[in-house]
Amino acid sequence: MALRKKNIAQYINFELIGISSHQHDFSFVWAVNKSTGFSFVKQDDILIRFPDTDNPGYFSRFTYVDEVSQLAYDLLANRCDNGFLLSDMTTIDFIVKITGAPDQRDIETLIAKLRETPSVIACFRLQAEKIRDIDRLLF
């Protein structure tokens, strides 16, 4: 397990934010777009095949690219009918994956804006290297 984690760690070139919210994905993304000024757009769902069942999981994915800062944002659902995208993060409903080279200020500013979103219950930074299923976010 440790060797697998070490090999995956070299591919983690992103930051993660976890969000708890009771809203469904489309209305949640609309609220996030409004509070952040972003324009997340729906993409194909992420398909995950769970080892303990024949039923795959489909997780909503929305993307936004900020041309000025050269950062790419993926807003992902962490829940589906069959399980969790990140199985050790069961209290999180959504994940924001930030790819590029965000500085600490970019991340703190985004977290502050997300916390102002009425439907957000909690919002916090995640440590990617401590997440068991982090390989599911390598796309």
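Student: Which residues have the most contacts inside the largest nonpolar core?

Tutor: A nonpolar core here is a set of buried Ala, Val, Leu, Ile, Met, Phe, Trp, Tyr and Cys residues joined through side-chain atoms within 4.5 Å. Buried means under 20% relative accessible area, exposed over 50%, and partly exposed in between, with a 1.4 Å probe and protein chains only. In this predicted model, local features need pLDDT of at least 70 and side-chain atom pairs count only at pLDDT 80 or more, while totals for chains, interfaces and linings use all residues. Residues are numbered from 1 along each chain as its sequence is written, and side-chain values use heavy atoms, leaving out hydrogens and water. The largest core has 22 residues, and I17, I19, F40, Y73, L75 and V96 have the most contacts inside it.

Student: Which elements give two or more residues to this core?

Tutor: Helices (H or I, at least four residues) and strands (E, at least two) are DSSP runs, numbered from the N terminus. The contributors are β1 (14-21), α2 (25-36), β3, β4, β7 (94-99), α3 (104-115) and β8 (120-126). Another core, of 17 residues, lies apart from it, with I48, L76, L85 and L137 among its members.

Student: OK, and what does L75 touch?

Tutor: Contact means heavy atoms within 4.5 Å. Skipping residues up to four places away in sequence, L75 touches F28, V29, V32, F40, S60, R61, F62, F94, I95 and V96.

Student: Next, D74: is it buried or exposed?

Tutor: D74 sits in strand β4, and its relative accessible area is 6%, so it counts as buried. Beyond its neighbours within four places in sequence, D74 contacts F40, R61, F62, T63, I95, V96, K97 and F139. D74 and F40 are 34 residues apart in sequence, yet their C-alphas are 8.1 Å apart in space.

Student: What about phi at Q70?

Tutor: Most residues other than glycine have a negative phi. Q70 isn't a glycine, but its phi is positive, about 60°. You'll find Q70 in the loop between β3 (57-66) and β4 (71-77), and it counts as exposed because its relative accessibility is 65%.

Student: How many helices and strands does the whole chain have?

Tutor: The protein chain has 3 helices and 8 strands, running α-β-α-β-β-β-β-β-β-α-β from the N terminus. Of its 139 residues, 45% count as buried. Look at contacts between residues at least 6 apart in sequence: 61% of them join residues at least 24 apart.
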